[in-house]
Amino acid sequence: MAKHVVAPVAEIPPGGRKVVDAAGKRIVVFNLDGDFFALLDRCPHQGGPLSGGILCGLTQSEEPGTYRFSRAGEFIRCPWHQWEFDIRTGKSWFDPRRTKVRPFPAGVEAGATLVQGPHTAETIPVRIEDSYVVIEA
């Protein structure tokens, strides 16, 4: 997979998201407290845009009247039919073995590493001040 520069890290704040087109695919990139994750921006149910969904967490119950909420903001809910997917893995909450959204590797790289290549040429000093979010698609 080729690497695609998405944005400076500061452009996607914690809890934020950004939609990008990479390798002919529409991909949504999420920032979960400084960790970046990327999913195909298409719900496997009927193709709804996950980027338009709300972030949610897990509400679990071991018995009636007892509820526990966890993983706030780590799930995305499809805006069309409310199917929920784990942003970290792409797996659905209701059927994680069979239903999932395609995840893509995402991470942060220093701007200086993005301009390096296998060729040698005359160079001009350049200062790169930010880090950028990069996905592989």
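## The E2–E3 hairpin

Strands E2 and E3 form a hairpin in which two residues lie between them, and alanine 23 in the turn has a positive phi of about 55 degrees. This description rests on a predicted model. The two strands, E2 covering residues 17–22 and E3 covering residues 25–32, pair in the antiparallel sense over six bridges. One of the bridge pairs joins alanine 22 to lysine 25 in E3.

## The sheet E5-E6-E7

Three strands form an open sheet in the order E5-E6-E7, with antiparallel pairing. Strand E5 (54–63) and E7 stand at the edges; each has a single partner strand, so one side of each is left without a neighbour in the sheet. From one strand to the next, the twist averages 55 degrees.

Seven bridges connect E5 with strand E6 (residues 66–77), again in the antiparallel sense. Within this pairing, cysteine 56 has phenylalanine 75 in E6 as its bridge partner. In a regular strand the side chains alternate between the two faces of the sheet.

## Nonpolar cores

The largest nonpolar core has 13 residues, of which Val6, Ile12, Ile27, Val29 and Ile135 touch the most other members. Two or more residues come from each of strand E1 (3–8), E2, E3, strand E4 (35–40) and E10. Apart from this core lies another, of 12 residues, among them Val28, Leu32, Cys43 and Ile76.

Leaving out residues up to four places away in sequence, isoleucine 27 touches Lys18, Val19, Val20, Ala22, Ala38, Leu39, Asp41, Phe104, Ile135 and Ala137.

## Salt bridges

The structure holds nine salt bridges. In one of them, the side chains of glutamate 11 and lysine 18 meet at 2.8 Å, N to O. Glutamate 11 is partly exposed, with a relative accessible area of 44%, and lysine 18 is also partly exposed, at 25%. A further salt bridge joins the side chains of glutamate 62 and arginine 68 at 3.4 Å, N to O. Here glutamate 62 counts as exposed at 60% relative accessibility, whereas arginine 68 counts as partly exposed at 41%.

The side chains of aspartate 86 and arginine 71 meet in a salt bridge of 2.9 Å, N to O. Because aspartate 86 lies in strand E7 and arginine 71 in strand E6, the pair ties together parts that are 15 residues apart in sequence. Aspartate 86 counts as buried, at 9% relative accessibility, while arginine 71 counts as partly exposed, at 28%. Both residues belong to a network of salt bridges that links Arg71, Glu74, Asp86 and Arg88.

## Serine 92

Serine 92 is located in the loop between strand E7 (84–86) and strand E8 (103–104). Its relative accessibility is 2%, so serine 92 counts as buried, the cut-off for that class being under 20%. The side chain of serine 92 reaches the backbone oxygen of aspartate 95 at 2.9 Å. With neighbours within four places in sequence left aside, serine 92 is in contact with Glu84, Phe85, Thr99 and Lys100.

## Glutamate 136

Glutamate 136 is placed in strand E10 (residues 131–136) and is partly exposed, with a relative accessible area of 28%. Not counting residues up to four places away in sequence, glutamate 136 touches Met1, Ala2, Lys3, Phe104 and Pro105. Glutamate 136 and alanine 38 are 98 residues apart in sequence, yet their C-alpha atoms are 9.0 Å apart in space.

Key. Residues are numbered from 1 along each chain as its sequence is written. This is a predicted model: local features need pLDDT of at least 70, side-chain atom pairs count only at pLDDT 80 or more; totals for chains, interfaces and linings use all residues. Side-chain values use heavy atoms; hydrogens and water are left out. Helices (H or I, at least four residues) and strands (E, at least two) are DSSP runs, numbered from the N terminus. Buried means under 20% relative accessible area, exposed over 50%, partly exposed in between (1.4 Å probe, protein chains only). A polar contact is a pair of N or O atoms within 3.5 Å; within protein, one must be able to donate a hydrogen and the other to accept it, and residues adjacent in sequence count only if both atoms are side-chain atoms. Contact means heavy atoms within 4.5 Å. Two strands pair if DSSP finds at least two bridges between them. Axes are lines fitted to C-alpha atoms, for helices over the stretch in contact, and angles run from 0 to 180 degrees between N-to-C directions. A nonpolar core is a set of buried Ala, Val, Leu, Ile, Met, Phe, Trp, Tyr and Cys residues joined through side-chain atoms within 4.5 Å. A salt bridge is a side-chain nitrogen of Lys or Arg within 4 Å of a carboxyl oxygen of Asp or Glu.
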